Amino acid sequence: MKSRLEWLKLIFLRYYRDMGLRVLFYALLSLVATLISPLANSLLSEATKARIEFSSVLPVLTILATSMLAVSTFSLNIMVSAHRAAADATTPRVHRILLENTTTQSVLAAFIGAFVYSLGSLVLYRLGFYPPDAAIIVMAVTTLVVIWVVVSLLRWIQHLTTLGSVEDSLLSAKERARTSLLAQAKHPRFGASELAEETILPTDLIDLRAPQSGYLQLIDFARLQDCLPEAASIYLSVRPGMHVLEGEVIAQVSGGIDAVLKRTLVEAFTFGAQRTHEQDAEFGLVVLSEIASKALSPGINDPGTAVEALMMVKTLLWEFARVSPDEERPTAPKVFAFFPGPQEFVEQAFGSIARDGAATIEVALTLRQALSALSASENERMAEAAAGFAETAILYSEQAGLLKHEMERLREISV
């Protein structure tokens with residue numbers, strides 16, 4: 001049950017962060033407000049109804065409809081331009097993170113929802129849907145919509161001060177990476193049993209093959225567990241974030257299964273054209289690493305951004321190392337999987353920075369200090385991974401041709 005709830009949470013958050021769904025919800029909410037206005041009319045007295053006529057309401061609805069269409073179009077143009085600027089300054093992968101920003105989504109949805117409400121009210125009035133004495137209800141709802149639009153405009157103005165900036169992109173990427181890392185730190189294999197090098201596999205294995213080419217985005221471990229027969233087990237050959245080809249082996253099943261069950265098991269794997277963050281904690285670190293590498297390119301030459309990204313990565317890995325994993329028994333014990341740990345995280349987080357920043361002493365020193373701090377972690381695997389990668393970083397700096405006294409400064413930082 002717990003594994004199933006975790007899966008439903010992942011699916012809910014995936015759709016919750018989708019801009020189209022939020023805009024659709026706001027538009028439907030506006031349409032509902034339009035339709036229920038005549039129903040609320042019966043609750044008012046005749047004296048109250050006579051105070052406002054539709055001749056007073058229609059100009060407000062017309063202004064709202066025309067202005068919100070223009071504001072929505074203009075805001076979308078701003079969003080697209082800001083996201084392109086952020087992608088050019090950092091990495092194209094940050095564009096998808098910015099698209100999930102709830103403030104941007106809510107503001108744009110409010111504008112479009114207000115447009116749908118006002119246009120719908122005008123159409124329904126012209127069709128004779130509203131009785132003449134319903135004007136006060138329509139005006140009351142319109143007033144609430146106007147207040148809602150004003151609040152959204154204030155939020156939008158505040159949000160525009162940082163939208164598309166390198167700082168905002170870094171912070172967004174950091175928060176997205178933190179969510180994925182802490183989720184995996186708490187549940188290292190999302191309820192599955194560990195597939196280690198010493199795990200002995202049965203001999204009667206049946207291959208499950210990928211139905212399409214693309215990145216493996218999600219695995220429904222609860223579904224795999226529930227579908228498997230009592231004596232069967234499944235051993236995953238891939239993990240979220242890996243790119244697979246159509247027909248490639250993604251898992252092996254023991255215990256014997258028929259063709260129908262085989263198709264059902266394959267349906268537990270979600271593939272797509274892009275990597276996603278839900279079960280792929282490495283991806284968040286890759287995005288931050290790409291931002292740092294982009295900042296170190298000759299065309300940008302901004303070691304300060306690279307240093308800032310390094311500090312964020314160090315913080316994230318430190319937080320990951322301090323989280324105690326859930327010690328409960330696996331919720332999907334018949335599913336065996338391998339997920340990356342500190343060794344893979346350190347290599348993904350620092351590999352490109354160590355290579356591209358090896359000739360920049362500020363970056364090399366910051367990287368050395370970060371690895372020194374992580375090597376003191378109470379998490380033994382994290383400490384070993386950081387200490388081991390420190391030697392690789394030193395070799396990069398030596399080959400990049402740092403001066404002798406600069407190399408001495410690096411070696412003075414103990415790891």
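## A buried serine

A residue counts as buried when its relative accessible area is under 20%, as exposed when over 50%, and as partly exposed in between, using a 1.4 Å probe and protein chains only. With a relative accessible area of 4%, S397 is buried. You'll find S397 in helix α15, which covers residues 380-400; helices here are DSSP runs of H or I with at least four residues, and strands are runs of E with at least two, numbered from the N terminus.

Leaving aside residues up to four places away in sequence, S397 touches A358, A364, L402, M407 and L410, where contact means heavy atoms within 4.5 Å.

## About the model

This is a predicted model, where local features need pLDDT of at least 70, side-chain atom pairs need 80 or more, and totals for chains, interfaces and linings use all residues. Numbering runs from 1 along each chain as its sequence is written, and side-chain values use heavy atoms, with hydrogens and water left out.

## The largest pocket

A pocket is an open set of points on a 1 Å grid over the protein atoms alone, where a 1.4 Å probe fits, with protein on both sides within 12 Å along at least five of seven lines; lining residues have an atom within 4 Å of a point. The largest pocket has a volume of about 1100 Å³, meaning the space filled by probe spheres set on the points, which are joined across faces, edges and corners. Its lining has 50 residues, with Q184, H187, P188, R189 and F190 closest to the centre.
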